[in-house]
Amino acid sequence: ILLQQLDTREMASSSAQGGYEHEFIDAVRDDLICQICHLPARDPQQTMCCGKVYCKSCINRLQSNRCPNCRNSLIDRNGNKNYFPDKASDRRIKELKVKCDNHKNGCEWKQELAQLEEHL
């Protein structure tokens with residue numbers, strides 16, 4: 001746990017995009033939450049070592065190149081990444097319902113995350 005906290009602090013000093021900060025109506029499953037920024041993962045990447053999901057921007061900014069969960073290397077001997085785009089998780093996240101970012105100003109729009117950009 002302490003090692004995970006150290007990696008999370010690495011992120012705090014950068015201007016990473018991180019996960020989605022919208023107000024979700026649907027419950028977000030734990031396996032769709034980035035283990036670094038603790039938000040629903042944006043452009044989710046899944047590690048080959050332990051199968052955890054991270055935002056693309058979060059995992060790319062890790063200075064240690066070690067998985068925050070299991071500490072295995074995220075780069076193999078040939079320089080290849082030991083993680084890949086998780087299209088299934090991306091689809092699940094984008095299917096979740098969110099409130100409009102302007103809901104505090106009276107907008108009652110509530111739809112899937114995938115439709116939010118078009119609405120705004």
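K99 is partly exposed, with a relative accessible area of 23%, where buried means under 20%, exposed over 50% and partly exposed in between (1.4 Å probe, protein chains only). The model is predicted, so local features need pLDDT of at least 70 and side-chain atom pairs count only at pLDDT 80 or more, whereas totals for chains, interfaces and linings use all residues. Residues are numbered from 1 along each chain as its sequence is written, and side-chain values use heavy atoms, with hydrogens and water left out. The count comes to 3 salt bridges, a salt bridge being a side-chain nitrogen of Lys or Arg within 4 Å of a carboxyl oxygen of Asp or Glu.

**The pair E23 and K99**
- K99 forms a salt bridge with E23, and their closest N and O atoms are 3.2 Å apart.
- Because E23 lies in the loop between helix 1 (2–12) and strand 1 (44–47) while K99 belongs to strand 4 (residues 97–99), the pair ties together parts that are 76 residues apart in sequence; helices (H or I, at least four residues) and strands (E, at least two) are DSSP runs, numbered from the N terminus.
- E23 is partly exposed, at a relative accessible area of 36%.

**The pair R29 and D31**
- A salt bridge joins the side chains of R29 and D31, at 2.5 Å from N to O.
- R29 is partly exposed at 43% relative accessible area, and D31 is partly exposed at 39%.

**The pair D90 and K94**
- In the salt bridge between D90 and K94, the closest N and O atoms are 3.3 Å apart.
- Both residues, D90 and K94, lie in helix 3 (residues 87–95), 4 residues apart, which is about one turn of the helix.
- D90 counts as buried at 18% relative accessibility, whereas K94 counts as partly exposed at 29%.
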